There are 2 protein chains.
Amino acid sequence: MFLRGAFRALALNRNLTPIAVRTFASKQREVPALTCDRYPVQRGSFAELTDDDVAVFRGILGGADTSRVLTAADEVQDYNIDYLRSVRGYGRVVLKPRTTAEVAELLRYCNERRLAVCPQGGNTGLVGGSVPVFDEVVLSLQLMDTIERIDEYSGIVVCQAGCVLATLEEQVGARGLVMPLDLGAKGSCHIGGNVSTNAGGLRLVRYGHLHGSVLGVEAVTAEGRVLDLMSNFKKDNTGYHLKHLFIGSEGTLGIITRLSMFCPTASRSVNVAFLGLHSYDDVKRTFLAAKRGLGEVLSSCEMIDAASLDSCTRFFGLQSPIDKYPFYMLIETSGSDAGHDEEKLARFLEQTMEQGLVQDGTVTNDSTKMK
Amino acid sequence: MFLRGAFRALALNRNLTPIAVRTFASKQREVPALTCDRYPVQRGSFAELTDDDVAVFRGILGGADTSRVLTAADEVQDYNIDYLRSVRGYGRVVLKPRTTAEVAELLRYCNERRLAVCPQGGNTGLVGGSVPVFDEVVLSLQLMDTIERIDEYSGIVVCQAGCVLATLEEQVGARGLVMPLDLGAKGSCHIGGNVSTNAGGLRLVRYGHLHGSVLGVEAVTAEGRVLDLMSNFKKDNTGYHLKHLFIGSEGTLGIITRLSMFCPTASRSVNVAFLGLHSYDDVKRTFLAAKRGLGEVLSSCEMIDAASLDSCTRFFGLQSPIDKYPFYMLIETSGSDAGHDEEKLARFLEQTMEQGLVQDGTVTNDSTKMK
């Protein structure tokens, strides 16, 4: 996983592996400066939180003794700081609903009171979008983590938005399915956050983006209205497809509370090749050769330039598996028959090396080496 | 193609093969009753077309001698009758713009004059949605058939909405790509109509629906505003993804004039198996076995019941390739290596027959037999 995670972090600047992030976190335990002190941002004309508001929240989320309304400064702090510890808000309360009805009731109240709300999933985003900028009420989806149904025939999973991606992966994996997206933060990111931000991830080349995989969403608008845009039918083409507005709208149109997603059939065999190349043009031609030669088993194809790989190997104290080249490619195949996949990969490598496109490379199907 | 086309026509009731439709048409050359006489529909309070309007249309579309404004009754008639000759409108004029700017100018004028407009693609729909109900102005996309760009690296085609699906298939095929949708009407249906109606088609099991394949659209709203929602980037996740509203909205939000679409890599090898089964439960279990055993090469999987097959064989005067069973399945594989695909298919058939799921079957990779 190292190279993939590291590459993604540097090249796509979107997601880090949990390992990488933990390294960051332990090195930078100091509390970051407040976002509003660091950037020229202006608080909107929203109301300020009162004790009465907190009492109402407690009433909605289980009563006076509830553990689902956090107000203690040390508990609330983690929800105000992003994954990279680069920005910080000063929200005073964290709400943890369990149901869509609770989310609706909370949003309805906040809307009436003009309290700003910051929805939060796994708080793994790297662009500071998941934490308050000022004193927004944090609405965490953490406790909305029920997997309602996995249908192995249709390949459809129906779940609440707060399910952790890795948990879903494990559960659908047990039914011979695979989640159509995979990213470094999967151990803590929420599927609702993935959908809200239209996360791409490593499997995009094979399974496409979330507009293709998400079959339905249930969302609550700012004024507390529940929109039922659920569907469990891959070929559903009735009416306007409003659910797509919620994919990638980052909470600005409402909070996704439930969703149904199509999961492809899991592949039994996975191979990874790490290649060295002379030029960007060779990378392009190798990409085309991979699409044609590996066809349906090609599941990931990423480029790394020398500077990126150099930074990664130095930063993480690791070694490149091959000699130095101006460009590298990481090609993953996954398929239903290990023998067939290896044959295709061997033929592809032979041809591209003969053509002088690929200079050097290493291949493995050993999952520990891939990591 | 016979069985597939026939099955689709009966089971999905959406698309017929051009062959089947031609049979229909020649048997029913009589003009169908007017929709407004046959159904209890009420004309909206729209303006009636005048000679002045026609003069304005001519002015926009090339001047007084233009061939792009049809008003002769016999020329206009075909645009008023649907593919199945089951409904008929009485629109008096057909407009054939060539550019987005012309579409915008026409719609702006019609909107100001309160003239109702019926956008029309290939007029291959089977639900009467592509022809006027009353006297709507027909705006045909027929002449907007420019393929602007095919990029074999990214697999992206950019074209006008009036391109015929089969033409696109041919053109992208020459670059080693395949259109992500395939349907019986492809010889005359327009890609813009496919996208407007969110056509599914045969390749859905492999390449997903159009929300996953369409990367961008350009559309003109009823008041003549051009919306540029084009994108040539598969991973684009900026802003709201408004283009999805146009996919499947059937012209109600505007007319799609251009689009960009992701095309997967074409498969070199195609096999088709036609199977006989005892029960619906066996069909379900065979479907699951196909998803798992054929995995990434499974490209189509359809069920046909005895009554449907019977109707088809009788209606088209053809013979079933196998004995009678309560259920049949048509399974298609397509992949990059013929040997591998045949091995996978043989193993799948062997296993499902051994398990008693599949009773009988025939397999071919001969494209004439498939048809």
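This is a predicted model: local features need pLDDT of at least 70, side-chain atom pairs count only at pLDDT 80 or more; totals for chains, interfaces and linings use all residues.

Start with chain A as a whole. It has 15 helices and 13 strands. The chain runs to 371 residues, and buried ones make up 54% of them. Now the contacts. Take those in chain A between residues at least 6 apart in sequence: 71% of them join residues at least 24 apart.

Next, a single residue. Where does A:Thr352 sit? In helix α14 of chain A, which covers residues 338-354. Is A:Thr352 buried or exposed? Its relative accessibility is 1%, so A:Thr352 counts as buried. The cut-off for buried is under 20%. What does A:Thr352 touch? Leaving out residues up to four places away in sequence, the neighbours are A:Thr286, A:Ala289, A:Leu357 and A:Val358. There is also a link to the backbone. A polar atom of the A:Thr352 side chain lies 2.8 Å from the backbone oxygen of A:Phe348. One distance for scale: A:Thr352 and A:Ala273 are 79 residues apart in sequence, and their C-alpha atoms are 13 Å apart in space.

On to salt bridges. Over all chains, the count comes to 26. Let me pick out a few.

A:Arg43 pairs with A:Asp135, with the closest N and O atoms 2.9 Å apart. Why care about where these two sit? A:Arg43 is in the loop between α3 (35-38) and α4 (51-60) of chain A, and A:Asp135 is in the loop between β3 (117-120) and β4 (137-140) of chain A, so the pair ties together parts that are 92 residues apart in sequence. A:Arg43 is at 24%, so it counts as partly exposed. A:Asp135 has a relative accessible area of 17%, so that residue is buried.

Now switch to chain B. The side chains of B:Arg258 and B:Glu148 meet in a salt bridge, at 2.9 Å from N to O. B:Arg258 lies in strand β9 (residues 255-262) of chain B, and B:Glu148 lies in strand β5 (residues 147-151) of chain B, so this pair ties together parts that are 110 residues apart in sequence. B:Arg258 is partly exposed, with a relative accessible area of 21%. B:Glu148 is partly exposed as well, at 38%.

One more in chain B. B:Lys186 forms a salt bridge with B:Asp182, and their closest N and O atoms are 3.0 Å apart. B:Asp182 is buried, with a relative accessible area of 4%. And back in chain A there is a network: salt bridges that share partners join A:Glu148, A:Glu218 and A:Arg258.

A quick look at a sheet in chain B. It is open, has four strands, and runs in the order β1-β2-β4-β3 with mixed pairing. Which strands are at the edges? They are β1 (69-70) and β3 (117-120) of chain B, and each pairs on one side only. β3(B) and strand β4 (residues 137-140) of chain B pair in the parallel sense, over four bridges. Within that pairing, B:Val117 has B:Val137 in β4(B) as its bridge partner.

Last topic, the interface. The size of an interface is often given as the accessible area lost when the parts come together. Here, chain B and chain A bury about 4400 Å² between them, with 50% of it on carbon and sulfur atoms. In chain B, B:Tyr153, B:Arg292 and B:Glu296 lose the most area to chain A, together 16% of what that side buries. The contact takes 54 residues from chain B and 54 residues from chain A.

What about polar links across it? There are four salt bridges between chain B and chain A. One joins the side chains of B:Glu152 and A:Arg292, at 3.0 Å from N to O.

Which elements of chain B give two or more residues to the side that touches chain A? They are α9 (204-207), α10 (210-213), α11 (243-246), α12 (280-293) and α14 (338-354). The largest share, seven residues, comes from α12(B). By class, that side of chain B has 13 nonpolar, 23 polar and 18 charged residues.

That's my tour. Over to you.

Notes
Residues are numbered from 1 along each chain as its sequence is written. Chains are lettered from A and ligands numbered from 1 in the order in which they are written. Side-chain values use heavy atoms; hydrogens and water are left out. Contact means heavy atoms within 4.5 Å. Buried area is the accessible area (1.4 Å probe) that two parts lose on being put together, summed over both. Ala, Val, Leu, Ile, Met, Phe, Trp, Tyr, Cys and Pro count as nonpolar, Asp, Glu, Lys and Arg as charged, and the others, Gly among them, as polar. Two strands pair if DSSP finds at least two bridges between them. Buried means under 20% relative accessible area, exposed over 50%, partly exposed in between (1.4 Å probe, protein chains only). A polar contact is a pair of N or O atoms within 3.5 Å; within protein, one must be able to donate a hydrogen and the other to accept it, and residues adjacent in sequence count only if both atoms are side-chain atoms.
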